[in-house]
Amino acid sequence: EPHRICAAMETWTARNHRNVELVPFRSEDALWRSFTPGLFRAAFVGWGDTQGFLCARRLREEDSACRVVLVDDTDRYAIRGIRIHLTYYLVRPLDEDQLCKAIERIFE
């Protein structure tokens, strides 16, 4: 799935003449070891269930300018996502149209 998100991001940015650097993280720990406020324009968080939501919330708390897209297996965190001002909420399996809308919203 991270490969699919990265591929969609690369396709969208090339088509729209945007330059981006994609940095996939295999774990939440790896993300936090690299994180500093202002480092990322956006983050797709997809560790699922409570861990994914808590990571998204922490990103919002630590860097309010970072656009956060939560990818989850259900919509059960959608309302909480509104409260923490997620940029977009995606439910697996990922739909290409919804993925493109999430990417577009990052660049609005």
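**Charged pairs, a helix crossing and the backbone**

Modeller: Glu62 is partly exposed, with a relative accessible area of 37% (buried means under 20%, exposed over 50%, and partly exposed in between, using a 1.4 Å probe and protein chains only). This is a predicted model, in which local features need pLDDT of at least 70 and side-chain atom pairs count only at pLDDT 80 or more, while totals for chains, interfaces and linings use all residues. Residues are numbered from 1 along each chain as its sequence is written, and side-chain values use heavy atoms, with hydrogens and water left out.

Colleague: OK, and which side chain does Glu62 meet in a salt bridge?

Modeller: That partner is Arg58, at 3.4 Å from N to O, where a salt bridge is a side-chain nitrogen of Lys or Arg within 4 Å of a carboxyl oxygen of Asp or Glu. Both residues lie in helix H3, which covers residues 49-62, and they are four residues apart, about one turn of the helix; helices (H or I, at least four residues) and strands (E, at least two) are DSSP runs numbered from the N terminus. Arg58 is also partly exposed, at 35% relative accessibility.

Colleague: How many salt bridges are there in the whole structure?

Modeller: The search finds four. One of them joins Arg92 and Asp73, with 2.9 Å from N to O. Arg92 lies in the loop between strand E3 (88-91) and H5, and Asp73 in the loop between strand E2 (67-72) and helix H4 (78-83), so this pair ties together parts that are 19 residues apart in sequence.

Colleague: And what does Glu96 pair with?

Modeller: Glu96 forms a salt bridge with Arg4, and the closest N and O atoms are 2.7 Å apart. This pair links distant parts of the chain, since Glu96 belongs to helix H5 (residues 96-106) and Arg4 to helix H1 (residues 2-15), 92 residues apart. Glu96 is partly exposed at 38% relative accessibility, and Arg4 is partly exposed as well, at 36%.

Colleague: Then at what angle do H1 and H5 pack?

Modeller: The angle is about 60 degrees, with the axes 10 Å apart, where axes are lines fitted to C-alpha atoms, for helices over the stretch in contact, and angles run from 0 to 180 degrees between N-to-C directions. That makes H1 oblique to H5, given that angles under 35 degrees count as roughly parallel, over 145 as roughly antiparallel, 65 to 115 as roughly perpendicular and the rest as oblique.

Colleague: Which residues meet there, between H1 and H5?

Modeller: From H1 they are Arg4, Ile5, Ala8, Met9 and Trp12, and they meet Glu96, Leu99, Ile103, Glu104 and Ile106 of H5 (contact means heavy atoms within 4.5 Å). The residues of this contact divide into seven nonpolar, no polar and three charged, where Ala, Val, Leu, Ile, Met, Phe, Trp, Tyr, Cys and Pro count as nonpolar, Asp, Glu, Lys and Arg as charged, and the others, Gly among them, as polar.

Colleague: Switching to the backbone, what kind of peptide bond joins Arg92 and Pro93?

Modeller: A cis one, with omega about -5 degrees. Pro93 is found in the loop between E3 and H5.

Colleague: And what is phi at His17?

Modeller: Phi of His17 is positive, about 55 degrees, although the residue is not a glycine. His17 sits in the loop between H1 and helix H2 (28-34), and is exposed, with a relative accessible area of 74%.

Colleague: Is His85 buried or exposed?

Modeller: His85 counts as exposed, at 57% relative accessibility. Phi of His85 is near 65 degrees, a positive value in a residue other than glycine, and His85 is placed in the loop between H4 and E3.
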